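Please describe the fold, the surface and selected residues of the structure shown here.

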Amino acid sequence: MTHTSRKQNNTTAESEDLPGPVQVLRHAREQLSELTGLAAESVSSFERTDDGWELEVEVLELARVPDTMSLLATYAVSLDPGGGLTAYRRVRRYERGRADPHRTGG
């Protein structure tokens, strides 16, 4: 076995030990819900970074009737490469029935 193939095998072995995106997203929702006591409804964005993962998670903060008046929030969540939550912060709060204002150029 050459040095290059050994290096490729080590990289493959390391990446096989790390969870995939679906596992990371599922576990992140569970961790955030456990820490905040709030229901994580969905993951609106995620990105693998050099330090792990960066996600935006939509969370139900206050249920109201009708449901369109419920308050939701977007949380920015940071995870280590293994999917462990390292930080979170609320970046936005909004009513379920409200869309973001239309922006030109994007």
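The report below goes from the whole chain to single residues.

This is a predicted model, in which local features need pLDDT of at least 70 and side-chain atom pairs count only at pLDDT 80 or more, while totals for chains, interfaces and linings use all residues. Residues are numbered from 1 along each chain as its sequence is written, and side-chain values use heavy atoms, with hydrogens and water left out.

The protein chain has 2 helices and 4 strands, arranged along the sequence as α-α-β-β-β-β; helices (H or I, at least four residues) and strands (E, at least two) are DSSP runs numbered from the N terminus. Of its 106 residues, 26% count as buried, where buried means under 20% relative accessible area, exposed over 50%, and partly exposed in between (1.4 Å probe, protein chains only).

Two residues illustrate these classes.

Leaving aside residues up to four places away in sequence, Tyr94 touches Glu58, Ser70, Leu71, Leu72, Ala73 and Thr74, a contact being heavy atoms within 4.5 Å. Tyr94 and Ser70 are 24 residues apart in sequence, and their C-alpha atoms are 8.4 Å apart in space. Across the protein chain, 39% of the contacts between residues at least 6 apart in sequence join residues at least 24 apart.

In the loop between E2 and strand E3 (71-79) lies Pro66, which is joined to Val65 by a cis peptide bond with omega of about 0°.
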